[in-house]
Amino acid sequence: APTPRAGPTFLGESDDAILERICRQPVKSVRPLGGGASISLKMVFADGSMAAVKPDQVKVTRYQSEVAAYLVARALGLSRVAPSCVRQFPRELLMQGMPQWLVGRMQAEMRTDKKKLVACTIIAWIPNLHELKLPAGASGGERLVTDFLHRIDAYDETRGFPSLKGPSYLSTHLRFGTVSI
C-alpha cells in the first residue's frame, strides 16, 4: 500500500497545524510591529502563538497579496513562505493599547465594513528570519532575481531536485515587498 504523503511544512511544522492556530485562536494581544509604508502588527493568540498582521488599508498594500504569495509558493512546491490566512477583527480590538500616533493612522487608513470589522492577513510568525538563509532587503531580492534569470528557462525541469539550483527563492521577497511582480 502506498504511504500517505505528508502535507506541506514550514520550518519543520505542518502548514495545517500552523493555520489551525493562527486562523482560529482567540486573540490575547496586539502590538505595533514597526514603522513603514503600511500598518503592520504583531498578534499573540490565546495559546501563545504569534503572527504578523496586515490589515486592509486604503493605500500602499493589498492585504490579500500575502495569502496569494503563500498559495502560489505551495502550488509551485516551495516552502519558504510562511502560512497565512485572512481573518476579520473589530477595529477597536486592533487599536486597543496602540500608541496615539498609530491610532490616528489606523483610524484614517484601515478599511472597515459596515460592522466595523477589518479584514486582515494573518501571517505565521517567523521567530528568526535568519533561519530562512535568504539575502536580506531589496538588494538581496535583486541578487536573487538576477541569479534566477540565468536559469529561468530550466525552472520547470530543475525545481523539483534539491541537488540542483532550480527554485527562484523569491517567494519571501515577493511576500515582504522587497521585490514585486
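**Sheet pairing and helix packing in the predicted model**

Strand β6 pairs with strand β7 (residues 117-124) in the antiparallel sense over 7 bridges, where two strands count as paired if DSSP finds at least two bridges between them, and where strands (E, at least two residues) and helices (H or I, at least four) are DSSP runs numbered from the N terminus. Within this pairing, R87 has C120 of β7 as its bridge partner. The model is predicted, so that local features require pLDDT of at least 70 and side-chain atom pairs are counted only at pLDDT 80 or more, whereas totals for chains, interfaces and linings use all residues. Residues are numbered from 1 along each chain as its sequence is written, and side-chain values use heavy atoms, with hydrogens and water left out.

The two strands belong to an open sheet of 5 strands, ordered β3-β4-β5-β7-β6 with antiparallel pairing. Because β3 (27-34) and β6 (84-90) stand at the edges with a single partner strand each, one side of each is left without a neighbour in the sheet. The twist averages 35° from one strand to the next, with axes fitted to C-alpha atoms (for helices over the stretch in contact) and angles running from 0 to 180 degrees between N-to-C directions.

Helix α1 (residues 15-24) lies across β4 (40-45), β5 (50-55), β6 and β7, at about 15° to β6, contact being defined as heavy atoms within 4.5 Å. Helix α2 (residues 64-75) lies across β5, β6 and β7, at about 155° to β6.

E66, found in helix α2, is buried, with a relative accessible area of 2% (buried means under 20%, exposed over 50%, partly exposed in between, with a 1.4 Å probe and protein chains only). The side chains of E66 and K54 are joined by a polar contact of 3.1 Å, that is, a pair of N or O atoms within 3.5 Å of which, within protein, one must be able to donate a hydrogen and the other to accept it, residues adjacent in sequence counting only if both atoms are side-chain atoms.
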